[in-house]
Amino acid sequence: MGQTNTKKLVQGAMIASIFGVLSLLNTYMGGIIDVLICYVMVIPVVWYGYTYNLKDNMIVCLAAMIVIALMGLPFFVISSFSSCVAGIFIGEALKRKASKGSIFFGSFIVMFLNNIFIYKVFSGLLGMNITEELTEVYEMLQPFIPSLSLDTVLSIEPIFLIVMSAMETYVILLFCQLALSRFKIEFPGSFHIASMHLNYKWGLILLVTLIISYIAINFIQMNSMIFIYAYTLSMLIFMVEGVAFLCWLLIYLEKPKLMILAFIGILIPYIQIIYMILGIIDILTNLRYNIFYRKGMSQ
């Protein structure tokens, strides 16, 4: 019993000290790697929480945050806090055998609140201006979509935060799964993008939402924020589904290295439309199963 407590204390102290070293390193480097470090910081917190109890994990995170607050930059301090909270949640969720969806949604909430703090509450302190970032997005897309207005781009600020939070959640969970699987920590399912697949019911609901919002915006001229948000979100979800299908197909064809091309295509407006159509087909026709089934029949 005494050896277990000593081991627990030593491991907790090591995690807190590592966080302090990473904070100091990030400060010396001017904060250029703070986001990447915060993604990685979740991993030891998840491992510690899975190995020991919730109280021990919270104490270690508290000690780590005290060290980080003494030498870290403001952005790193806020992001580190969200990393600790996400790590505590994921560790407990894995221990309690929570579902894949519950783990993703809970982690997403943590990252979304983190972005609210960064871009809204402490934006002045951190020098983060979401309006400027969306303006840069508009300037990048405007040559490809001349009809696009700056007001329309600025109006999707909530969606921008949602998408960014979802991407951060995905990266964190993927990092955790890749690293912690080596410690025989079981996850309820793969968080690789190729495993993402929306069921038929939700796909049909999203398709109806997409069609109604598109008609309302382009034909009835109802530029309500509700229709803009509905159209943008449904379009993004279908686009992600399309990318997920392509990644699955490349893995199935034993060409996983080409997945980088699928991700690059996200940045090309006309390719985005192809991804969206492919996502709709994949959901409504169960394209993955049909390909797999036909391949099996041919053999």
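Biologist: Which residues does F19 touch, not counting residues up to four places away in sequence?

Modeller: This is a predicted model, where local features need pLDDT of at least 70, side-chain atom pairs count only at pLDDT 80 or more, and totals for chains, interfaces and linings use all residues. Residues are numbered from 1 along each chain as its sequence is written, and side-chain values use heavy atoms, without hydrogens and water. Contact means heavy atoms within 4.5 Å. By that rule F19 touches M41, P44, V45, A64, I68 and C84.

Biologist: Which residues have the most contacts inside the largest nonpolar core?

Modeller: A nonpolar core is a set of buried Ala, Val, Leu, Ile, Met, Phe, Trp, Tyr and Cys residues joined through side-chain atoms within 4.5 Å. Buried means under 20% relative accessible area (1.4 Å probe, protein chains only). The largest core has 17 residues, and those with the most contacts inside it are F19, M41, I68 and F76.

Biologist: Which elements give two or more residues to this core?

Modeller: Helices here are DSSP runs (H or I, at least four residues), numbered from the N terminus. The elements are α1 (2–28), α2, α3 (54–71) and α4.

Biologist: Is S80 buried or exposed?

Modeller: S80 sits in helix α4 (residues 74–95). Its contacts, leaving out residues up to four places away in sequence, are C38, M41, M65 and I68. Its relative accessible area is 0%, so S80 is buried.

Biologist: At what angle do α2 and α4 pack?

Modeller: Axes are lines fitted to C-alpha atoms, for helices over the stretch in contact, and angles run from 0 to 180 degrees between N-to-C directions. Helix α2 covers residues 34–51, and its axis is 7 Å apart from that of α4. The angle is about 35 degrees.

Notes: Buried < 20%, exposed > 50% of the residue type's maximum accessible area, 1.4 Å probe, protein only.
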